[in-house]
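My notes are below, in the order I made them.

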Amino acid sequence: MDSLRGKVAIVGAADTEVGKVPQLGATALCVDAARRALEDAGITKDQVDGLVTCNSMAEPYMYHAEAIAEYLQIFPRYCISVGAGGGTTFSILHHAASAITTGVCDTVLISMADSLRTGLSREQAMSLQSSTGHPQFEIPYGPTVPAYYALIARAHMEAYGTTPEQLAAVAVSGRKYAALNSNAQMRDLISIEDVLSSRLIADPLHLLDCSLVSDGGAAVILTSADRATDFPHHSVYILGAGEGHGHEHISQAQSLTSSAAVDSGRRAFEMAGLSPKDIDVAELYDCFTPVVLIELEDLGFCKKGEAGAFVEAGGTALEGPLPVNTHGGLLSHCHPGNPGSMFALTEAVRQLRRQAGARQVKNAEVALVHGQGGIMSSHTTLILGRERNG
Amino acid sequence: MTKAQEKNLPRPNPETAAYWEGCRQHELLIQRCTHCGEYQFYPRILCSACMSEHVEWVQSAGLGHVLTFTIVRRAVSEAYAAEVPYVVALIQLEEGPKMMSNLVQCEPDSVEIGMPVEVIFEDWSEEITIPKFRPAARPEG
């Protein structure tokens, strides 16, 4: 496949209200995100000829993207809903960008939303909790989603001496940014001690090591870089994209302490012609605190086993060498499930547009966003630039 | 027989029926490729190492060690609540394959990575018996 470097731009990006949003159902949130992104890009719905969504757990449709197109009364020539999860949100962006460069469509709207906080019935919530894992070889043992990630955390602690305090430091770092973000769901500052004294959910993970449960949605608009010259906001360019897919079930993982983020990161950096030292800001998937440590290592920002000390020493802070999750992440900003990664993307766009206010990373030129889905299963890394040629 | 009506019972399918029947007989069956000799778990219609369709069922010694584990403090559903805190672990069998299981008949806080374990069987219904592990009577090997 031809490189995507500099060929596709993000010309619109917007979030809905997040947290508890009971006045909008999941479908309405998706449509609201789309409306806001169109407004941000200054284009009309008739200019959209590609539509990507993810299905909703609260309001599922058999053909979700078609349902959203119908709701909006748009008639795209490229229309797909993805099973999503954190990694596939970006992998579909990778595919949509490829669709633009190959002429399948010109302008793609990617809109994703769900209302896990207020929109699920008790039955839906229970089946969601019990549906993660292999139905015959994992689920009977009663694992919870935090438990799956706790298996990884424990292995990392054993292999590298990572401490619960270092895991907690990831949550503390995210919360500092959320305190600067008026849209974030959780904004009160927390300490390492607060994390460690919060309820143990699955050793070694405490409640505050776990991401939020939220309502919310976000959308972006992609078009070719050649067309991206006349939009209200500074366009943001895709410089690199890479995927890595390791397994579906954690009990089948090749490694518990590293992941296919090694592959996705390498592929994205190769396409971009850049290396980790070129990244000004990173938005990393943080459904649970240990995930950020493994991503920092697998993407090449830290040597294996050293990410805990890096975060503990303030490495991910606004004034640190690599600001991470500047919106607050899934841990503190919001996590509506499958759409969760979208907020990392819209935040990266804001950072590169230099619109992030109090949490703006000074002179941000290049951002990395990384999503993973499943249990460290499916990874996509994107490298975005303020300039088309990085 | 353990009362487990509301637990998440596995539903055997054609690939896995022999495995679950083995469990019912209190035997832990894994697969071995007659072409390349690799062992594998979970059951497949082919060898995931060499793609040979000649895989045979063999009885595992049921011995292994803890690769990693967690102590679940908040149960996945009410059916599991009585067992809290329970240990979910990944076990590496002596033959090589890895599997998820519960570690039972021990204090959760006494579990360590590397701990030798042996299989036991819990009968959940007439049809379904679940393999779990407990600390091995003596070190493996």
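**Entry 1: before anything else**
I remind myself that this is a predicted model.

**Entry 2: the sheet of chain A**
I looked up the strand order first. Chain A has an open sheet of 9 strands, and I read the order as S3-S2-S4-S7-S1-S8-S11-S10-S9, with mixed pairing. From one strand to the next the twist averages 25°.

Then I picked one pair. Strand S2 (residues 50-54) and strand S4 (residues 107-115) of chain A run parallel to each other, joined over 4 bridges.

Which strands does helix H1 of chain A lie across? I found that H1 (residues 26-41) lies across strand S1 (8-15), S2, S4 and strand S7 (215-224) of chain A, at about 40° to S7(A). Helix H2 (residues 64-72) of chain A lies across S2, S3 and S4 of chain A, and its angle to S2(A) is about 120°.

**Entry 3: a sheet in chain B**
Here I found an open sheet of 3 strands in the order S2-S1-S3 (chain B), with antiparallel pairing. Strand S2 (39-40) and strand S3 (55-59) of chain B are at the edges with a single partner strand each, so one side of each has no neighbour in the sheet. Between strand S1 (residues 29-33) of chain B and S3(B) I noted 5 bridges, in the antiparallel sense. B:Cys33 is opposite B:Val55 in S3(B).

**Entry 4: where the chains touch**
How many residues of each chain are in contact with the other? My note reads 29 residues of chain B and 25 residues of chain A. On the chain B side, strand S4 (63-72), strand S5 (86-93) and strand S6 (98-103) each supply at least two residues. S4(B) gives the largest share of that side, with 6 residues. By type, the chain B side divides into 17 nonpolar, 7 polar and 5 charged residues.

**Entry 5: helix H6 of chain A**
H6(A) has 15 residues and spans 22 Å from its first C-alpha to its last, close to the 21 Å expected. Why do I call it largely enclosed by the rest of the structure? Because 12 of its 15 residues are buried. Among them are A:Leu167, A:Val170, A:Arg175 and A:Tyr177. The buried residues of H6(A) pack against H5, helix H7 (192-197), helix H9 (289-298), helix H10 (307-312) and helix H11 (329-332) of chain A.

I stayed on A:Ala178, which lies in this helix, residues 164-178. It counts as buried because it has 28 C-beta neighbours inside 10 Å, and the cut-off is 20 or more. A:Ala178 and A:His333 are 155 residues apart in sequence, yet 6.0 Å apart in space, C-alpha to C-alpha. Setting aside residues up to four places away in sequence, the residues that A:Ala178 touches include A:Met186, A:Arg187, A:Gly328 and A:His333.

**Entry 6: the largest nonpolar core**
This core has 160 residues, and A:Ala37, A:Ile110, A:Leu222 and A:Leu384 are among those that touch the most other members. Helix H5 (residues 145-160) of chain A provides the largest share, 10 residues. Neighbours within four places in sequence aside, A:Leu384 has contacts including A:Tyr237, A:Leu239, A:Leu352 and A:Val369.

Note on methods. Residues numbered from 1 in each chain as written. Chains lettered and ligands numbered in written order. Predicted model: local features only at pLDDT ≥ 70, side-chain atom pairs only at ≥ 80, totals over all residues. Pairing = 2+ DSSP bridges. Axes fitted to C-alpha atoms, helices over the stretch in contact; angles between N-to-C directions. Contact = placed C-beta atoms within 7 Å. Nonpolar A, V, L, I, M, F, W, Y, C, P; charged D, E, K, R; others polar. Core = buried A, V, L, I, M, F, W, Y, C linked by C-beta atoms within 7 Å. Expected span 1.5 Å × (residues − 1).
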